[in-house]
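Okay, everyone, thanks for coming. Let me put the structure up on the screen, and then we'll walk through a couple of pockets and a few helices.

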Amino acid sequence: MSGRDPFCQPRRIRRIRRGAALTLVFTSVLVAGAATGALPQGQGKSAPDEVRSTGSAARHADVTRAAEEAMADGTSPVQAAKRAVSRSGDRWGAVYSRGEYEEFEESLDGQYTGVGLWARSERDGRIEVTKVRAGSPAATAGIRRGDLLRSVDGEKTDGRPVTEVVSLLRGDATDAPAGTTVRLGLERDGRAWTETVRRAQLSTDSVTVRELARRVTVIKVDTFTKGSGRQVREAVRRTPPRAGIVLDLRGNSGGLVTEAVTAASAFLDGGLVATYDVDGEQRALHAESGGDTTRPLVALVDGGTMSAAELLTGAVQDRGRALVVGSRTFGKGSVQMPSRLPDGSVAELTVGHYRTPSGRGVDGRGITPDLETGEDALQRAGTVLRGLASSS
């Protein structure tokens with residue numbers, strides 16, 4: 001369940017234009033909002049509505065044709081486009097109305113309207129709640145991590161792309177502002193019930209810092225929203241000289257890829273962070289120089305670590321900068337590109353994949369930790385970190 005730069009009329013589509021002259025997105029889930037990661041401007045050579053490869057061009061043409069035919073018939077172009085994406089087999093493809101996309105992008109600016117849920121799609125197609133924001137409407141309703149989200153306003157969620165489920169939760173900016181209600185069908189330990197939750201304006205607060213123990217600092221990154229990479233770099237600079245760092249990426253569903261690269265730059269002195277392809281054309285992402293390369297570092301991950309967070313994890317692991325502790329990550333390593341449909345809605349279709357510096361593919365595989373742990377992952381990470389510090 002989440003981002004680009006700022007079409008005024010509407011503001012959201014203008015963002016597609018500004019955010020890329022080719023905007024690429026790593027789609028994932030952000031606090032009841034789909035998170036997308038915009039790659040740097042200038043990485044591509046085409047406008048966002050231009051798709052070059054035969055495969056992605058054909059998918060884009062099918063989706064556009066479906067929307068056009070629906071408009072001519074007086075039916076919903078968004079629903080027609082969604083059906084076309086579903087038929088294409090694109091697991092991460094998604095279609096958003098103008099309003100949904102506006103809400104969607106604002107979430108990556110650090111503000112969003114929603115209920116305070118993080119969620120992911122399980123292998124069997126069920127939607128599981130992975131995190132509930134403290135003090136949010138979802139928390140007040142008693143929703144907990146591990147609960148299954150079975151329906152939203154009567155629409156079943158099983159088998160739907162998680163991005164589509166998140167759009168249902170967040171609603172359209174024009175008809176589902178803060179204060180509107182959404183009815184959630186939930187399941188816990190075989191018990192099913194319904195909760196009516198009121199949407200609220202929430203902030204992401206994506207980076208937090210705390211001391212775990214003497215000489216152990218935990219930098220927790222929930223999502224890569226605008227400015228979060230800079231916050232990570234500042235947190236590293238403020239950490240006491242001889243303290244090690246646990247970079248906690250558990251439950252991080254991704255976000256802006258540029259911010260993940262900036263965060264990687266806090267720990268790397270330049271060099272490769274990831275490679276990616278767009279319709280077969282290979283590109284690369286590099287860290288900035290000047291990062292702290294000597295401080296002991298542990299990256300803490302789990303099955304909710306996705307997309308841009310996996311990109312960062314793979315970079316510090318492959319380059320020998322950190323030991324990775326926890327459980328296997330989700331395995332979201334595909335690249336999507338947004339394009340406008342005739343009615344002004346937006347379709348995001350998969351055009352490629354990214355790889356870690358050593359060439360490992362992440363999509364469908366995830367990243368395996370150096371040390372696999374369970375519920376005591378944070379404590380184990382602290383123990384490993386202190387061991388690294390004593391041996392350095």
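So, the second largest pocket: 20 residues line it, and the ones nearest its centre are R91, G159, R160, P161 and V162. Keep in mind as we go that this is a predicted model. As for volume, this second largest pocket comes to about 310 Å³. Which elements supply its lining? Helix α3 (77–88), strand β3 (94–96) and helix α6 (162–170) each put in at least two residues. And if you sort the lining of the second largest pocket by class, you get 7 nonpolar, 6 polar and 7 charged residues.

Now over to the largest pocket. Its volume is about 480 Å³. Here, too, the lining has 20 residues, and if you want to find the centre, look for T130, R145, R250, G251 and D302, which lie nearest to it. Which strand gives the most to this lining? That would be β6, residues 127–132, with 5 residues. By class, the largest pocket is lined by 8 charged, 8 polar and 4 nonpolar residues.

Right, on to the helices. Start with α7, residues 228–238, and α8, residues 257–264: their axes are 7 Å apart, and the packing angle is about 10°. Angles under 35 degrees count as roughly parallel, so α7 is roughly parallel to α8. The two helices make a right-handed crossing. On the α7 side, the contact uses S228, G229, R230, V232 and R233, while α8 brings E259, T262 and A263.

The crossing of α8 past α9 is right-handed. So who touches whom? From α8 it's V257, A260, V261, A263 and A264, and from α9 it's A308, L311 and L312. What classes of residue make up the contact of α8 with α9? There are 8 nonpolar residues, with no polar and no charged ones.

Note on methods: Residues numbered from 1 in each chain as written. Predicted model: local features only at pLDDT ≥ 70, side-chain atom pairs only at ≥ 80, totals over all residues. Heavy atoms only, no water. 1 Å grid on protein atoms, 1.4 Å probe; cavity = no way out; pocket = protein on both sides within 12 Å on 5 of 7 lines; lining within 4 Å. Points joined across faces, edges and corners; volume = space filled by probe spheres on them. Helix = DSSP H or I, 4+ residues; strand = E, 2+ residues; numbered from the N terminus. Nonpolar A, V, L, I, M, F, W, Y, C, P; charged D, E, K, R; others polar. Axes fitted to C-alpha atoms, helices over the stretch in contact; angles between N-to-C directions. Parallel < 35°, antiparallel > 145°, perpendicular 65-115°, else oblique. Left-handed = near helix turned anticlockwise from the far one by under 90°. Contact = heavy atoms within 4.5 Å.
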